[in-house]
Amino acid sequence: DNEGALARGRSDAMRTWSALALVLALVAHATGDAAADTPARRAEAFFQSSSSSPAGGSNHTSNWAVLVDASRYWFNYRHIANTLSLYRTVKRLGIPDSNIILMLADDVSCSPRNSFPASVFGNANHRANLYGDNIEVDYRGYEVTPENLLRVLTDRHAPGTPRSKRLLTDAGSNVFLYITGHGGDEFMKFQDQTEIMSKDIADALEQMREKRRYNEVLFIAETCQAATLAARFYSPGVLAIGSSEKGENSYSHHLDRSIGLSVIDRFTYWTLEFMESVTPHGAATLAQWFSQLTNHRLHSTARPRTSLFPRGAHDARVTDFLGHVSKAAPMAGGGYEGLSSSRRGRVSESADAGDDDAVTRGGDGRCDGGGGGAAAA
């Protein structure tokens with residue numbers, strides 16, 4: 001009898017321990033599921049699914065644009081219109097002014113020759129004022145030099161340079177670099193006085209790579225013999241395209257008789273036609289964009305150089321470079337709650353300082369002087 005009671009006790013104990021183990025396993029599983037469903041895990045899953053999609057293989061975490069009009073003088077009106085047209089496009093697709101470096105070598109909007117003061121148009125129909133009242137020019141007039149462009153790319157600025165004039169990229173940044181003006185075989189003229197060479201830009205991009213200042217770069221040049229401006233590039237992750245090949249000219253699209261000048265170049269005009277259908281969350285690829293830039297439309301050859309860009313133009317979305325993405329992470333320790341009043345105050349002060357900085361960048365679109373002069377060659 002004693003042995004039977006002992007056996008029954010052991011059996012009851014085993015059942016109790018088995019039930020307890022099952023409960024503990026269920027609790028552990030539920031806890032694991034809850035831990036996996038944190039904001040950080042959900043955000044990480046979102047970015048992983050986005051980067052694994054067929055046409056979205058970029059693992060970038062931010063987007064930046066450097067838009068350069070290198071031409072001065074009234075007769076180069078179309079070059080400013082080219083630059084401002086792309087400025088409006090990248091802003092529409094989500095890149096904020098804080099992530100755009102806009103360099104305009106002249107201010108034709110305020111030229112005494114301009115029949116439409118404080119306005120720049122890229123089409124003879126005048127439907128959109130490209131200058132408008134929501135523009136932030138970071139470098140203007142004689143600030144637009146080869147030296148300053150190289151300083152922007154490499155972040156080698158003089159002490160005291162404001163943040164608004166700096167390209168604050170990192171290893172997760174995709175950079176859209178656009179430059180338009182007059183050029184030739186492996187060079188671009190600035191202000192019709194100085195030049196930047198293909199080798200200069202190539203070395204600047206290599207410095208960016210060594211300093212982990214980009215993830216990928218889309219480089220576009222719109223000038224005569226534009227493709228040669230990328231001839232010396234050697235840094236990986238750079239996709240380049242020019243509006244014309246070596247020995248070819250780039251051409252304007254149409255004349256605006258009320259202004260008396262051509263107001264846009266063909267490469268930009270047909271780019272804008274394509275961009276009309278692109279949305280911030282669309283899946284349009286660079287290859288689809290480039291396929292619209294035919295010789296029939298441009299009267300020149302726009303052929304991308306993909307040898308330094310491993311994933312190819314077919315696998316790169318337009319919005320990988322002209323759109324905007326910001327990868328967010330939860331605050332360490334405290335989740336999303338509990339910003340202290342002192343910290344909120346510092347954030348508010350920073351925002352106020354940023355607003356003041358925007359005014360100094362010429363964001364109000366007001367005229368500050370004439371821009372007329374002799375026509376460039």
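**View 1. Phe219 and Phe233 are both buried.** Buried here stands for under 20% relative accessible area, exposed for over 50% and partly exposed for anything in between, with a 1.4 Å probe and protein chains only. Please keep in mind that this is a predicted model, where local features need pLDDT of at least 70, side-chain atom pairs count only at pLDDT 80 or more, and totals for chains, interfaces and linings use all residues. Residues are numbered from 1 along each chain as its sequence is written, and side-chain values use heavy atoms, with hydrogens and water left out.

**View 2. Aromatic pairs, of which the structure has 7.** Rings of Phe, Tyr and Trp (its six-membered ring) pair if their centres lie within 6.5 Å; planes under 30 degrees apart are stacked, over 60 edge-to-face and the rest tilted. The ring centres of Trp74 and Tyr77 are 5.4 Å apart with 80° between the planes, an edge-to-face pair. Trp74 and Tyr77 are both buried. Phe219 and Phe233 are also edge-to-face, because their planes stand at 75°, with the centres 5.0 Å apart. This pair links distant parts of the chain, with Phe219 in strand β8 and Phe233 in the loop between β8 and β9 (238-242), 14 residues apart. Helices (H or I, at least four residues) and strands (E, at least two) are DSSP runs numbered from the N terminus.

**View 3. Arg78 and Asp265 form a salt bridge.** The term covers a side-chain nitrogen of Lys or Arg within 4 Å of a carboxyl oxygen of Asp or Glu, and the structure holds 14 of them. Here the closest N and O atoms are 3.0 Å apart. The partners come from distant parts of the chain, 187 residues apart: Arg78 lies in helix α3 (residues 77-92) and Asp265 in strand β11 (residues 261-265). Both Arg78 and Asp265 are buried.

**View 4. Glu216 and Arg311 meet in a salt bridge.** Their closest N and O atoms are 2.8 Å apart. Glu216 belongs to strand β8 (residues 216-222) and Arg311 to the loop between α8 (295-298) and α9 (319-322), 95 residues apart. Glu216 and Arg311 are both buried. Through shared partners, salt bridges join Glu216, Arg311 and Asp320 into one network.

**View 5. Charged ends sit over the rings of Tyr139 and Trp270.** The rule asks for NZ of Lys or CZ of Arg within 6 Å of the ring centre and within 35 degrees of the ring normal. Lys165 places its charged end 4.3 Å from the ring centre of Tyr139. For Arg297 over Trp270, the distance to the ring centre is 4.2 Å.
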